[in-house]
Amino acid sequence: MRVLVVDDHPLLREGIAAVLEAQSDIVLVGEATNGCEALQLFRALRPDVTLMDLQMPEMDGIEAIHAIRAEFPRARIAILTTYRGDVRALHAIKAGALGYLLKSSLRKELLDAIRSIAAGKRHIPAEIAVELADHLSHDSLTAREIQVLQCVAMGKPNKQIATELMIAEDTIKGHLRSIMDKLGANNRTHAVILGIQRGIITV
């Protein structure tokens, strides 16, 4: 099985290479640091499995998955992510990713995941699948809440947000309480950090 690794952190790529080099049935054929390189290498190497980070410069993982699968619909891609329940991860799965791997558990799951995905099977750990389903059903922010959180991330006070969105300041406070409750945030700054980490908002 021929594997392509796409991640902008050299230590993570080295760690994956170290795990794979001891395997007789898996070979690391290429490494890319962003989505643009991933697309070029995929065209040249046609790997059986691609391990794709989500947060990268130039072209992120979701864009790269879309680009690769537009040309190679049968491409088998697993996403690498730091966070459980990452909104970006949900988007990646919707884009066609077959696997979901937490970077913290790569040593335990990497080989099983590669073999499963090479065989055309999905690899999403049960606890992750439960969390993803839970996030989808219980804590998805409304469009207005995302708008408010984006404004908070830009450093705007409640009064300014209320004026810009043409709603009452008390309504903004209500949205913020709901946002913090859904995200499990301690305060508005924590909510912004979680929103960025999970790909709900950008800065």
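User: Which is Thr81, buried or exposed?
Analyst: Thr81 has a relative accessibility of 3%. Buried means under 20% relative accessible area, exposed means over 50%, and partly exposed lies in between (1.4 Å probe, protein chains only). Thr81 therefore counts as buried.

User: What kind of model is this?
Analyst: Residues are numbered from 1 along each chain as its sequence is written, and side-chain values use heavy atoms, with hydrogens and water left out. Local features need pLDDT of at least 70, side-chain atom pairs count only at pLDDT 80 or more, and totals for chains, interfaces and linings use all residues; the model is predicted.

User: How many helices and strands does the chain have?
Analyst: Helices (H or I, at least four residues) and strands (E, at least two) are DSSP runs, numbered from the N terminus. Thr81, for one, is in strand E4 (residues 77–81). The chain has 10 helices and 5 strands.

User: What percentage of the residues in the chain is buried?
Analyst: The chain has 203 residues. Its C-alpha trace spans about 65 × 30 × 30 Å along the principal axes. The buried share is 46%.

User: What share of the contacts joins residues at least 24 apart?
Analyst: Contact means heavy atoms within 4.5 Å. The share is taken among contacts between residues at least 6 apart in sequence. Those that join residues at least 24 apart make up 63%.

User: Which residues does Asp7 touch, beyond those up to four places away in sequence?
Analyst: Asp7 is in the loop between strand E1 (2–6) and H1. With 0% relative accessibility, Asp7 counts as buried. Asp7 touches Leu12, Arg13, Ala32, Thr33, Asp53, Met56, Leu80 and Lys103.

User: How many Å apart in space are Asp7 and Glu58, C-alpha to C-alpha?
Analyst: Along the sequence, Asp7 and Glu58 are 51 residues apart. In space, their C-alpha atoms are apart by 12 Å.

User: Where is Gln23, and which residues does Gln23 touch?
Analyst: Gln23 sits in the loop between helix H1 (10–20) and strand E2 (27–32). At 21% relative accessibility, Gln23 counts as partly exposed. Residues up to four places away in sequence are not counted here. Gln23 touches Leu111 and Arg115.

User: Why are H8 and H9 described as roughly perpendicular?
Analyst: Axes are lines fitted to C-alpha atoms, for helices over the stretch in contact, and angles run from 0 to 180 degrees between N-to-C directions. Under 35 degrees counts as roughly parallel, over 145 as roughly antiparallel, 65 to 115 as roughly perpendicular and the rest as oblique. The axes of H8 (residues 158–165) and H9 (residues 169–183) come within 8 Å and cross at roughly 110°. H8 and H9 are therefore roughly perpendicular.

User: Which residues of H8 and H9 make their contact, and how do they divide by class?
Analyst: H8 contributes Asn158, Lys159, Ile161, Ala162 and Leu165, and H9 contributes Glu169, Ile172, Lys173 and Leu176. Ala, Val, Leu, Ile, Met, Phe, Trp, Tyr, Cys and Pro count as nonpolar, Asp, Glu, Lys and Arg as charged, and the others, Gly among them, as polar. The contact has 5 nonpolar, 1 polar and 3 charged residues.

User: Which is Met166, buried or exposed?
Analyst: Met166 lies in the loop between H8 and H9. Its phi is near 60°, a positive value in a residue other than glycine. Most residues other than glycine have a negative phi. At 74% relative accessibility, Met166 counts as exposed.

User: What is the relative accessible area of Ala168?
Analyst: Ala168 is in the loop between H8 and H9. The C-alpha atoms of Ala168 and Asn158, 10 residues apart along the chain, are separated by 9.4 Å. Ala168 is partly exposed, with a relative accessible area of 43%.

User: What is the phi of Arg46?
Analyst: Arg46 lies in the loop between helix H2 (35–45) and strand E3 (49–53). Arg46 is not glycine, yet its phi is positive. The value is near 45°.

User: How do the lining residues of the second largest pocket divide by class?
Analyst: The volume of this pocket is about 160 Å³. Its lining includes Leu54, Arg88 and Val203. The lining divides into 6 nonpolar, 3 polar and 2 charged.

User: What counts as a pocket here, and how is a volume defined?
Analyst: On a 1 Å grid over the protein atoms alone, a cavity is a set of points where a 1.4 Å probe fits but cannot get out. A pocket is an open set with protein on both sides within 12 Å along at least five of seven lines, and lining residues have an atom within 4 Å of a point. Grid points are joined across faces, edges and corners, and a volume is the space filled by probe spheres set on the points.
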